[in-house]
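Hi there,

Here is the structure I promised to send over. Have a look at it first, and my notes follow below.

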Amino acid sequence: MYTGTNPTALRSQSVIADATIELMKKKAFEKISVKEICRAADLSRQTFYGFFSSREAVIRYCIKQRLLNIPKQIDVLDRNRIDGYFRTYIAGNKPFLNLLGKNRLGSQLAEELSDSLNEMEENLDPGGDKNSRRIANAFLSSALVSSFLVWADEEVKMSDQEFIDLIYQIIRG
């Protein structure tokens, strides 16, 4: 996946991601081809593969951009930061979470969240036990993602604030 700073390249990458999400609103992700994504983005396959190795890589890019744009240097996770993160990234992307759930792409979100938590915790506690951290973060990220996807389901009726309060209560014990 492209990680440079060229504005034209970043724009193309974003157009591919947006086209993929728009297609997912119309049909299942598993039935969307790279060719269809390129056509919807009005870009060539060569351009697509210059930025992404696969359709799944596009989803991972979308997850990172929309849901996991977390600062790498965090000194503490307090209630205000959790509220701010949730309102900015999770509640603001409820329709995207719903698409991930409908397309059974929660495992990609869980893996990306786990990676982000591992990276964040490495900054908070560089000398900590990496094995325990990986296991704990895999557990936590899977539980959070499952909760996010259930909450994002259109049939579940819970306000953003009720959900934030519940998640915070669960995390704090």
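Buried residues account for 40% of the 173 residues in the protein. Please keep in mind that this is a predicted model.

On overall shape, the C-alpha atoms fill a box of roughly 50 × 40 × 25 Å along the principal axes. The radius of gyration is 17 Å, which agrees with the value near 16 Å that a compact globule of 173 residues would have. The protein has nine helices and zero strands, so its elements read α-α-α-α-α-α-α-α-α from the N terminus on. Of the contacts with a separation of 6 or more, 64% are between residues 24 or more positions apart.

**The core**

The largest nonpolar core has 47 residues, and Leu 97 and Leu 100 are the ones that touch the most other members. Helix H1 (residues 7–26) gives this core its largest share, seven residues.

What does Leu 100 touch, leaving aside its neighbours within four places in sequence? Its contacts are Ile 59, Ile 63, Leu 67, Leu 105, Gly 106, Leu 109 and Leu 149. Two of these, Ile 59 and Ile 63, are also among the buried residues of H4, and Leu 149 is among those buried in H8.

Leu 99 is in helix H6 and is buried, because its relative accessibility is 10% and the cut-off for buried is under 20%. Not counting residues up to four places away in sequence, Leu 99 touches Ile 21, Met 24 and Lys 25. With Lys 25, the separation is 74 residues in sequence, yet the two C-alpha atoms are 7.2 Å apart in space.

Helix H4 covers residues 55–66, 12 residues in total, and spans 17 Å from its first C-alpha to its last, close to the 16 Å expected. Its N-terminal end is capped by Ser 54, with a side-chain oxygen 3.3 Å from the backbone nitrogen of Glu 56. Buried in H4 are Arg 55, Ala 57, Val 58, Ile 59, Tyr 61, Cys 62 and Ile 63.

Helix H8 (residues 130–152) has 23 residues and reaches 32 Å between its first and last C-alpha, close to the expected 33 Å. At its start, a side-chain oxygen of Asp 129 comes to within 3.1 Å of the backbone nitrogen of Asn 131. The buried residues of H8 are Arg 133, Asn 137, Ser 141, Leu 144, Val 145, Phe 148, Leu 149, Trp 151 and Ala 152.

Asn 137, one of the residues in H8, has a relative accessible area of 2% and is therefore buried. Beyond its neighbours within four places in sequence, Asn 137 is in contact with Ser 114, Leu 117, Asn 118 and Glu 121.

**The cysteines**

A disulfide is a covalent bond between the sulfur atoms of two cysteines. As for accessibility, Cys 38 is buried at a relative accessible area of 5%, and Cys 62 counts as buried at 1%.

- Asp 42 has a positive phi of about 60° although it is not a glycine. Asp 42 is found in the loop between helix H2 (34–41) and helix H3 (45–51), and is exposed, with a relative accessible area of 69%.
- Arg 104 also has a positive phi, of about 55°, and is not a glycine. Arg 104 lies in the loop between helix H6 (94–102) and helix H7 (106–124), and counts as exposed at 74% relative accessibility.

Happy to go through any of this with you when you have had a look.

Best wishes

Technical notes
Residues numbered from 1 in each chain as written. Predicted model: local features only at pLDDT ≥ 70, side-chain atom pairs only at ≥ 80, totals over all residues. Heavy atoms only, no water. Helix = DSSP H or I, 4+ residues; strand = E, 2+ residues; numbered from the N terminus. Expected span 1.5 Å × (residues − 1). Buried < 20%, exposed > 50% of the residue type's maximum accessible area, 1.4 Å probe, protein only. Polar contact = N/O pair within 3.5 Å; in protein donor to acceptor, adjacent residues only side chain to side chain. Core = buried A, V, L, I, M, F, W, Y, C linked by side-chain atoms within 4.5 Å. Contact = heavy atoms within 4.5 Å. Rg over C-alpha atoms; globule rule 2.2 N^0.38 Å.
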